[in-house]
Amino acid sequence: MQQSLNKEFSQVPIIDVSALVSGNGDKYTVATQIGQACRECGFFYIIGHGVDEGLQQRLEHFSRQFFERDVETKLEIGMKVGGRAWRGYFPVGGELTSGKPDLKEGIYFGAELEENHPLVRANTPMHGRNLFPSSVPQLGQTVLEYMEAMTKLGHRLMAGIALSLELEESYFSDRYTTDPLILFRIFNYPPNPSLSEDKRQWGVGEHTDYGVLTILKQDNAGGLQVRSKSGWVDAPPVPNSFVCNIGDMLDRMTRGLYRSTPHRVLNLSGGDRLSFPFFFDPNFNVEVKPIELKEVMAMDDKNERWDRASVHAFRGTYGDYLLGKVSKVFPELRQTVL
């Protein structure tokens, strides 16, 4: 079960998760495939996920409509308006994933919480109401439906990850995700202004995700790349699939057995690229602790990581970790919100 610090793979595996989703079939075989992918790659495609294709198509359609609006219209739901809830739109260059402005614009969403919710009343960062654009009124309800479907899928996938570690299916839901932190993004990557290698701008610079599981819908443009020991590996679109990847907290929980793998986006399609990352993460206030696993030696790739930071040295709640990361991504908001 021990894992090399440097992983080498040439493609991202595709896993049919229908047995996990439906409860019919051999979920243990699926769990074994997930475990192998988590150890060797940190990424895997899923098919057989059961998320309605019509819902996905509506989400993509209304998202494109929104991004076609002028910047002033889009800024009516700017992130400054969202305040501590950390919701709303940011323009191209407004996010600094790896210290440099990304060539993308986007909208931040999360679980829809009313004003009287205890976490909102406590003024907890990253909790509250969403900002939905009046210019595309259908987008709001579509986002809420999509987040509900993806939350259900997230619970089933985490049950499969638990089985892959020879734990009870409910291990993560019992300890971390009974009430998960749900964050959802819609990103639009404009065409690269220069296709020459020395002048390319990264849609998203090299990074790892922060929580336990990311479930990504991407359009047909391509551009996602995953880092392998041998170099960068493309993760091109696969029809009616999602791309799943491990976040830093699952890396920490498994003592490096399941490692959060660096990835980046380079849009060379010549047109706009849409992506829809859904983050299924531990409860904001829960303390993240390592799992006692058999025959696993703690491994730390601090010196190889994109940010030279050890996820294994971290102590505290998931909220502590998350706020420390996002405050670097949006330094302007950090000063006004946090």
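The model is predicted, so local features are taken only where pLDDT is at least 70 and side-chain atom pairs only at pLDDT 80 or more, while totals for chains, interfaces and linings use all residues. Residues are numbered from 1 along each chain as its sequence is written, and side-chain values use heavy atoms, with hydrogens and water left out. The protein chain has 11 helices and 12 strands, which are DSSP runs numbered from the N terminus (H or I with at least four residues for helices, E with at least two for strands). Of its 338 residues, 56% count as buried, where buried means under 20% relative accessible area, exposed means over 50%, and partly exposed lies in between, with a 1.4 Å probe and protein chains only. Among the contacts (heavy atoms within 4.5 Å) in the protein chain between residues at least 6 apart in sequence, 78% join residues at least 24 apart.

**Strand E2 and its partners**

- Strand E2, residues 43-47, has 4 of its 5 residues buried, so it is largely enclosed by the rest of the structure.
- Strand E1, residues 14-16, pairs with E2 in the parallel sense over 3 bridges, two strands being counted as paired if DSSP finds at least two bridges between them; within this pairing, Ile15 stands opposite Ile46 in E2.
- E2 is also joined to strand E10, residues 242-246, by 4 bridges, and these two strands run antiparallel; here Phe43 has Asn245 of E10 as its bridge partner.

**An open sheet of four strands**

- In the order E6-E11-E8-E9, 4 strands form an open sheet with antiparallel pairing.
- Strand E6 (204-207) and strand E9 (231-234) stand at the edges with a single partner strand each, so one side of each is left without a neighbour in the sheet.
- From one strand to the next, the twist averages 25 degrees, with axes taken as lines fitted to C-alpha atoms (for helices over the stretch in contact) and angles running from 0 to 180 degrees between N-to-C directions.
- Strand E8, residues 224-228, is paired with E9 in the antiparallel sense over 4 bridges, and Val226 has Val233 in E9 as its bridge partner.

**Helix H10**

- Helix H10, residues 318-329, has 12 residues and reaches 17 Å from its first C-alpha to its last, which is close to the 16 Å expected at 1.5 Å a residue; the expected span is 1.5 Å times one less than the number of residues.
- H10 is mostly covered, with 9 of its 12 residues buried, and these buried residues include Tyr318, Tyr321, Leu322, Leu323 and Lys325.

**Cysteines**

- The structure holds 0 disulfides, a disulfide being a pair of cysteine sulfur atoms within 2.5 Å.
- Cys41 is in no disulfide, and the nearest cysteine sulfur, that of Cys38, is 9.2 Å away; Cys41 counts as buried at 2% relative accessibility.
- The sulfur of Cys244 is 8.9 Å from the closest cysteine sulfur, which belongs to Cys38, and this is too far for a bond; Cys244 counts as buried at 0% relative accessibility.

**Asn130, a buried loop residue**

- Asn130 has its place in the loop between helix H6 (118-121) and helix H7 (138-164), and it is buried, with a relative accessible area of 8%.
- Its side chain makes a polar contact of 3.0 Å with the side chain of Arg87 and another of 2.6 Å with the side chain of Glu112; a polar contact is a pair of N or O atoms within 3.5 Å, where within protein one must be able to donate a hydrogen and the other to accept it, and residues adjacent in sequence count only if both atoms are side-chain atoms.
- Not counting residues up to four places away in sequence, Asn130 touches several residues, among them Phe109, Leu144 and Met147.

- Ser173 is found in helix H8, residues 171-177, and counts as partly exposed at 24% relative accessibility.
- The side chain of Ser173 reaches the backbone oxygen of Ser170 at 3.1 Å, and the C-alpha atoms of Ser173 and His155, 18 residues apart along the chain, are separated by 7.5 Å.
- Glu166 lies in the loop between H7 and H8, is exposed with a relative accessible area of 64%, and has a positive phi of about 60 degrees although it is not a glycine.
- Asn240, in the loop between E9 and E10, has a positive phi of about 50 degrees although it is not a glycine, and counts as partly exposed at 33% relative accessibility.
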